[in-house]
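Morning, everyone. Let me put the structure up, and then we'll go through the pockets and one of the chains.

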Amino acid sequence: LPICPSGSVNCQVSLGELFDRAVKLSHYIHFLSSEMFNEFDERYAQGRGFITKAVNGCHTASLTTPEDKEQAQQIHHEDLLNLVLGVLRSWNDPLLHLVTEVQRIKEAPNTILWKAAEIEEQNKRLLEGMEKIVGRVQPGDTGNEVYSRWSGLPSLQLADEDSRLFAFYNLLHCLRRDSHKIDNYLKLLKCRLIHDSNC
Amino acid sequence: QSAPGKPEIMRCRSPEKETFTCWWKPGSDGGLPTNYTLNYYKEGEELINECPDYKTAGPNSCYFNKKHTSLWTIYNITVKATNRMGSSISDPHYVDVTYIVQPDPPMNVIPAVGIQDGKPYLLVKWSPPPLADVRSGWLTLIYELRLKTEGEEWETFLVGQQTQYKIFSLNPGNKYIVQIHCKPDHHGAWSEWSQEKYIQLPSDFRMKDL
């Protein structure tokens, strides 16, 4: 559903409607990310002990995000909005490459391929929506384009299968984690800004 | 007399995505007084910490309050059993609090009878579990409702995020049992079912009955 149907004049979607759409998208993206991770874990990671190695962090670790309710409630909503933007931007590049590289995995099921493409598409839409929201909440503030660079492409192309599969595992693990953070923060922001913290 | 057997971390649970508790099962104590220590470290940290609170959640448990609970972070947890003859360490247990949330059951379940277009329906209302902060949006819960008459099979309805639900096509004169349970919208486990609530539908429905 386009934000403003064609032909409409001075159509101004409410901030509440923008948040509703953003939360629907973030919920959907996390659902897909979680399913993709679980599917990959079941098919390629069983018995390889990847979780013990996955603790070396994600490429977005440099973005200091709230890790508990108190931190999330104390942070100013503009800072939290910009953090969400930063995490979303940080996933543009890896998602683009994931769609290509997943196709090279041995017997990669279509369901994983489809999800990777769908997430990449929806992530872009959510980023657009968030830029509209930030533009509405902080008019005129171009904001500093904070994001975290990803340098993981070579590891997705390693010759050694175990190392390459671990690189995919870690990327999908991080995608599941970050998409859950974004979904959680947006639900919090929506309650705070639209429902006066009384959802 | 011998060194203690290997303890096993059985389960970790968070009731509201703000604190969590882990429980372990002791191994054999080797016939000697045995002491248990829970140690953990968090992803990206070298520091090994000891359990902050062995008491609050009862024997063989460790309670992590808000100050010691972080989401989106993997905890590597082990339990060590020690007696005079030696010690034994459990296998590591990896926990991300995001995935171990099991709320308490919903509260204040109130079934009531209504009429719409001359047809009787059951309207059930409830409240989220008190510990769960759904108001601020920190935790989003979804609900399921189940319904039956005495001796029959349960019929379950996936309700979604709302805290009330209307059920039509019921049999006047029947006595129904209603229960609700909840879970976080993405990850975690269903709560226990709420207390059973009973409601008797009048057998002969007219507006004046309400």
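Which residues lie nearest the centre of the second largest pocket? They are A:A61, A:E67, A:R177, A:K181 and B:W72. Keep in mind that this is a predicted model. The lining of this pocket has 20 residues. By class, six are nonpolar, seven polar and seven charged. α7(A) gives the most, with three residues. The volume is about 370 Å³.

Now the largest pocket. Its volume is about 520 Å³. Here 21 residues form the lining. Nearest the centre we find A:C191 and A:C199 from chain A, and B:V134, B:T140 and B:Q161 from chain B. Which elements supply at least two lining residues each? In chain A, those are α1, residues 15-45, and α7, residues 161-194; in chain B, β11, residues 141-149. α1(A) gives the most, with four residues. The lining splits into nine nonpolar, six polar and six charged residues.

On to chain A as a whole. There are seven helices and zero strands. The radius of gyration is 18 Å, close to the 16 Å from the globule rule for 199 residues, so chain A is as compact as a globular protein of that length. Its C-alpha trace spans about 55 × 40 × 30 Å along the principal axes.

How much of chain A is buried? The figure is 50% of its 199 residues. Take the contacts with a separation of 6 or more: 82% of them join residues 24 or more positions apart. Last, the surface. The accessible area of chain A is about 9,700 Å², and carbon and sulfur atoms hold 50% of that.

Methods:
Residues numbered from 1 in each chain as written. Chains lettered and ligands numbered in written order. Predicted model: local features only at pLDDT ≥ 70, side-chain atom pairs only at ≥ 80, totals over all residues. Heavy atoms only, no water. 1 Å grid on protein atoms, 1.4 Å probe; cavity = no way out; pocket = protein on both sides within 12 Å on 5 of 7 lines; lining within 4 Å. Points joined across faces, edges and corners; volume = space filled by probe spheres on them. Nonpolar A, V, L, I, M, F, W, Y, C, P; charged D, E, K, R; others polar. Rg over C-alpha atoms; globule rule 2.2 N^0.38 Å. Buried < 20%, exposed > 50% of the residue type's maximum accessible area, 1.4 Å probe, protein only. Contact = heavy atoms within 4.5 Å. Areas by Shrake-Rupley, 256 points an atom, 1.4 Å probe, with all protein chains shown as cover.
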